[in-house]
Amino acid sequence: MRRLVAVIAVFFLGACTNEIDESTRPENIVGDYQLVSVAGAPLPAARQLDSVTALIISGQLTLSPDHSWTETIKLRSNAGAGQLLVQSGSGSWTIIRDFAYLAFTDIRNGYQFSGTAAGRTIVLQNTDGTEMVYRR
């Protein structure tokens, strides 16, 4: 009987945590992530940038232990000779609301966006609503 009570107690204590799982702890989400899809489309993915259509070729997101981040996205424009472009951003990140939701501030470009972290995946929600999925 005591064993059954102990098993039930462990189950309920585990269910009461506000953490989704250990993979969403700050120390576990730090690292390098590769862009795998944009707006549900796998890479390379077409994207309208101002008046030019570009093909997103690759991207990397790095979350550092000091809560800084950098992102680099490589694109090829359809204009002219298909010029290779590199977009980058950097800033700070923090985990909010029960360890799964990320808030990003882009210092260079002066905007904020959000994301979620679970397992080995980060999904960013850009300011225009586009989802970008990164995996490591």
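This is a predicted model: local features need pLDDT of at least 70, side-chain atom pairs count only at pLDDT 80 or more; totals for chains, interfaces and linings use all residues.

Residues are numbered from 1 along each chain as its sequence is written, and side-chain values use heavy atoms, with hydrogens and water left out.

**Stop 1: the strands**

Select strand S1 (residues 31-38) and strand S10 (residues 131-135). Strands here are DSSP runs (E, at least two residues), numbered from the N terminus. S1 and S10 pair in the antiparallel sense over four bridges; two strands pair if DSSP finds at least two bridges between them.

S9 runs antiparallel to S10, joined by five bridges. Leu124 stands opposite Met132 in S10. S9 and S10 form a hairpin with five residues between them, and Gly129 in the turn has a positive phi of about 90 degrees.

**Stop 2: Leu35**

Select Leu35 in S1; Tyr134 in S10 stands opposite. Is Leu35 buried or exposed? Leu35 counts as buried because its relative accessibility is 7% (buried is under 20% relative accessible area, exposed over 50%, partly exposed in between, with a 1.4 Å probe and protein chains only).

Not counting residues up to four places away in sequence, Leu35 touches Leu43, Ile56, Ser58, Gly59, Met132, Val133 and Tyr134; contact means heavy atoms within 4.5 Å. Ile56 is 21 residues from Leu35 along the chain, with 9.5 Å between their C-alpha atoms.

**Stop 3: Thr121**

At 19% relative accessibility, Thr121 counts as buried. Its side chain makes a polar contact with the side chain of Arg135 (3.2 Å); such a contact is a pair of N or O atoms within 3.5 Å, and within protein one must be able to donate a hydrogen and the other to accept it, while residues adjacent in sequence count only if both atoms are side-chain atoms.

**Stop 4: the largest pocket**

Select Ile73, Gln87, Tyr111, Asn126 and Met132, the closest to the centre of the largest pocket among its 19 lining residues. About 420 Å³ of space lies in this pocket. A pocket is an open set of points on a 1 Å grid where a 1.4 Å probe fits, with protein on both sides within 12 Å along at least five of seven lines; lining residues have an atom within 4 Å of a point. The volume is the space filled by probe spheres set on the points.
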